[in-house]
Amino acid sequence: MRVDTTITCPLAEMPERTAAAEAAGYDGVWTFEGAHDPFLPLLLAAEHTESVTLGTSIAVAFGRNPLLLATMGWDLQSYSRGRFVLGLGTQIKPHIERRYSMPWSRPADRMRDLVTAVRAIWDSWLTGGRLDHRGEFYTQTLMPPLFKPDADEVDGFGPPPVWLAGVGPAMTRVAGEVADGFLSHPLATPQFLRDTTIPNLIDGAGYRPRPTVHHSAMVIVGRDDVERAAARNAVRAQIGFYGSTPAYRPILDSVGFGDLQPRLRELTRAGDWKAIARLVPDDLVDAIAVTVTDPVDGAAELLRRYDPLVDRLGFNTPYQADPDLLADVAASLRSQC
């Protein structure tokens, strides 16, 4: 199992943070599209590292178009010398329509068309052939020579792999069909991965190999009981926020808490964020998150839950976790794999 880390920090801190992550032995560094762009930090990461995989987990696909994604992916792949992963997710309808001011419809079908369009663009750049993608959602038929990058820029490794994030069966099957890897949701339980995610990936893949599976597990770490209690409260609030999304109810169902979802949804509509956290019981926190009091025992529990199911494991910490503590857990994971 590969062990990765997600880094969200100001751009000025990215060189030091990613170099430290590589020195600590992580296999991959991922960024997240929240308050800042997910691509720009990886340019700095590529400059200050040599071997780690660098990827977006995730970049919002429907907030962009195929040409923008193809160009950004190509340039980062070239600059990192083949270490970039274009990780894409859909976001949800209110965000795409009201935050990004972009169209939303039939997300699984749209994502399939978008990935196919991105790859068609890359193929035209690699081969010099005519660009002629005519999909249901995206049409890419114009690519004058002036706008084609030199194929030698990715010589020896080619364009980046495309990984897709998903939760529901339709998107997961699309990932199995067209993606190189799958980014599971941090809320996903081992039961949901085993019973829903993996079967749908295999179904979508058909005769193709199953895509690589990456999961960022929620972990609770701290130097003492006080720090761990604060981390637990942050994780509890994050679980409540994620759990309020109707599409994620099947994850809660997998551990017997599906009835909680409509109540969480009502509270998010009311903007009562404190009440959302209070509504999440300890049993649900423990079903989703791993509390680490000792790196060796914590790593063993992470492996027990995820080793048969995922190929790459990262840490989801919706709080300022001590990077040294996380590095100790990562080291224990690698030694026990």
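Helix α3 passes helix α5 in a right-handed crossing, where right-handed means that the near helix is turned clockwise from the far one by less than a right angle. The model is predicted, with local features needing pLDDT of at least 70 and side-chain atom pairs counting only at pLDDT 80 or more, while totals for chains, interfaces and linings use all residues. Residues are numbered from 1 along each chain as its sequence is written, and side-chain values use heavy atoms, with hydrogens and water left out. Helices (H or I, at least four residues) and strands (E, at least two) are DSSP runs numbered from the N terminus.

**Two helix pairs**

Two packed helices are described by the angle between their axes and the distance between the axes. Axes here are lines fitted to C-alpha atoms, for helices over the stretch in contact, and angles run from 0 to 180 degrees between N-to-C directions.

| Pair | Axis distance | Angle |
|---|---|---|
| α3 (residues 66–79) and α5 (residues 107–127) | within 9 Å | roughly 55 degrees |
| α6 (residues 169–178) and α7 (residues 190–205) | 6 Å | about 50 degrees |

The angle in the α3 and α5 pair makes α3 oblique to α5; angles under 35 degrees count as roughly parallel, over 145 as roughly antiparallel, 65 to 115 as roughly perpendicular and the rest as oblique. Contact (heavy atoms within 4.5 Å) joins residues of α3, including L67, A70 and W74, to residues of α5, including L114, I121 and W125. By class, this contact has twelve nonpolar, two polar and no charged residues. Ala, Val, Leu, Ile, Met, Phe, Trp, Tyr, Cys and Pro count as nonpolar, Asp, Glu, Lys and Arg as charged, and the others, Gly among them, as polar.

The α6 and α7 crossing is also right-handed. Among the α6 residues in contact are R173 and E177, and D203 is one of those in α7. The contact of α6 with α7 divides into four nonpolar, five polar and three charged residues.

**Two helices with a buried face**

In α10 (residues 260–270), L260, Q261, L264, L267 and T268 are buried, that is, under 20% relative accessible area, against over 50% for exposed (1.4 Å probe, protein chains only). Seen down the axis, these buried residues fall within an arc of 125 degrees, so they line one face of α10; the arc is that of the directions from the helix axis to the C-beta atoms. The face turned away carries the exposed residues E266, R269 and A270. Cover for the buried residues of α10 includes α8, α9, α11 and α12.

In α1 (residues 14–23), the buried residues are M14, P15, T18 and A21. They lie within an arc of 135 degrees and so line one face of α1. Exposed E16 and A23 are on the face turned away.
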